Amino acid sequence: MRREDILDLLFNTPWHELRLRAAHVLESAKGFHVHVRGLVEFSSNCRRNCLYCGLRADNRRLQRYTLSRERILEAAAAAAAAGADTIVLQSGEYAVKPEWLARVIADIRSRSDLPVTLSVGEQPAAAYALWKEAGAVRYLLKHETADAKLYAALHPGHDLRQRIACLHTLASLGYECGSGFMVGLPGQRPESLADDILLARRLRVAMCGVGPFIPQAHTPLGKSVGGSAALTLRVMAVLRIALPWANIPATTALATVDAASGQRDGLLAGANVLMPGFTPSDVREDYCIYDNKNRVDLAAARQAIEGAGRRHALDMPHMANAPAPEAAARP
């Protein structure tokens with residue numbers, strides 16, 4: 001796809017037409033099944049100072065935590081029992097030692113046999129390799145914005161080339177790689193959204209998440225205007241058309257901006273993944289990337305999936321790794 005084609009879809013195509021086209025691509029490429037990833041936010045520690053993120057190192061008002069191995073395994077077991085098809089372990093960057101996390105990954109794999117996805121930021125290649133050997137199969141590392149100047153401004157001391165180099169390293173190690181970006185970032189140009197989609201397409205990522213920017217009060221962008229659900233849904237629909245092979249989540253950020261129907265509408269726009277949280281309740285509020293986070297639970301996930309007329313395997317663990325008939329029938 002060309003940049004001008006993507007821009008035309010994003011800003012000129014009527015919404016009903018765009019959503020219908022995305023739905024046809026989704027049905028043909030992925031079927032009707034919605035994957036449910038069990039998210040465990042195991043540490044709020046982070047070394048970075050991204051201007052938009054509440055976990056930034058300079059945020060002294062945040063209560064930091066790191067879950068013990070036992071508590072992570074309990075949360076992962078709860079996700080598996082509920083029918084999640086993957087365990088997602090998420091933290092800030094350099095939150096724990098690589099060897100410790102490798103043992104946790106191996107324990108989850110031995111106890112549940114579910115795939116493990118990591119989302120723990122930029123790391124040395126040796127750490128990526130260690131976690132792959134321990135049993136991790138997917139890695140989520142959002143590029144956040146394809147605008148190199150904006151990326152550098154939002155991520156002091158880091159640049160977009162480093163981020164993309166990490167994604168290439170992960171792919172070379174055999175990970176299924178996921179990326180993603182935000183809609184409505186302060187300083188984002190409309191054209192940048194087309195570049196985000198093209199970058200994800202060039203990288204051939206297996207997953208791409210899109211969510212609206214939501215400010216967090218104790219960050220330099222705390223008083224900025226957030227992104228809209230309407231534009232986020234348009235971007236998701238175009239992303240589905242441009243990356244028919246990819247798994248696309250209806251994000252928690254979308255559910256936060258539109259609590260009533262954000263995730264259902266995300267599924268109708270071409271998403272095929274939900275990520276309900278299994279972080280223990282006593283630390284859940286301390287994983288504060290942005291304000292007023294809508295904590296999507298199993299009930300909300302079921303409601304969104306069923307409201308979109310889709311299928312899931314929640315509360316049916318024996319089906320968690322089985323493809324839906326529609327998905328299995330297509331290459």
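Biologist: Leaving out residues up to four places away in sequence, which residues does L173 touch?

Modeller: The model is predicted: local features need pLDDT of at least 70, side-chain atom pairs count only at pLDDT 80 or more, and totals for chains, interfaces and linings use all residues. Residues are numbered from 1 along each chain as its sequence is written, and side-chain values use heavy atoms, with hydrogens and water left out. L173 is found in the loop between α7 (160-172) and β5, where helices (H or I, at least four residues) and strands (E, at least two) are DSSP runs numbered from the N terminus. With contact taken as heavy atoms within 4.5 Å, and residues up to four places away in sequence not counted, L173 touches A125, Y128, A129 and K132.

Biologist: What distance in space lies between L173 and R56, C-alpha to C-alpha?

Modeller: L173 counts as partly exposed at 31% relative accessibility, on a scale where buried means under 20% relative accessible area, exposed over 50% and partly exposed in between (1.4 Å probe, protein chains only). L173 and R56 are 117 residues apart in sequence, and their C-alpha to C-alpha distance in space is 29 Å.

Biologist: What is the order of the strands in the open sheet?

Modeller: Two strands are said to pair if DSSP finds at least two bridges between them. The open sheet has 7 strands with parallel pairing, and their order is β6-β5-β4-β3-β2-β1-β7.

Biologist: Which strands stand at the edges of that sheet?

Modeller: An edge strand here has a single partner strand, so one side of it is left without a neighbour in the sheet. The strands in that position are β6 (207-212) and β7.

Biologist: Which residue of β6 does M182 stand opposite?

Modeller: The strands β5 and β6 run parallel and are joined by 6 bridges. Opposite M182, the residue in β6 is G211.

Biologist: What angle does the direction of helix α9 make with that of β6?

Modeller: Helix α9 (residues 229-242) packs on the sheet and touches β5 and β6. Axes are lines fitted to C-alpha atoms, for helices over the stretch in contact, and angles run from 0 to 180 degrees between N-to-C directions. By that convention, the direction of α9 makes with that of β6 an angle of about 165°.

Biologist: How many residues apart are R37 and D85, whose side chains meet in a salt bridge?

Modeller: A salt bridge is a side-chain nitrogen of Lys or Arg within 4 Å of a carboxyl oxygen of Asp or Glu, and the R37 and D85 side chains meet in one at 2.7 Å, N to O. This pair links distant parts of the chain, with R37 in strand β1 and D85 in the loop between α3 (69-82) and β2 (86-91). Both R37 and D85 are buried.

Biologist: Which residues are linked in a network of salt bridges?

Modeller: The structure holds 20 salt bridges. The residues linked in a network of them are R47, R48, E93, E122 and R163.

Biologist: Which residues of helix α12 are buried?

Modeller: The face of α12 turned away from its buried side carries the exposed residues Q303 and E306. What covers the buried residues includes β1 (35-43), α11 (262-268) and β7 (273-274). Within α12 (residues 298-307), the buried residues are A301, A304 and I305.

Biologist: Within what arc do the buried residues of α12 fall, seen down its axis?

Modeller: The arc is that of the directions from the helix axis to the C-beta atoms. The buried residues line one face of the helix, because they fall within an arc of 95°.

Biologist: What is the phi of N292, a residue other than glycine?

Modeller: Most residues other than glycine have a negative phi. N292 lies in the loop between β7 and α12 and counts as exposed at 72% relative accessibility. Its phi is positive, near 60°.
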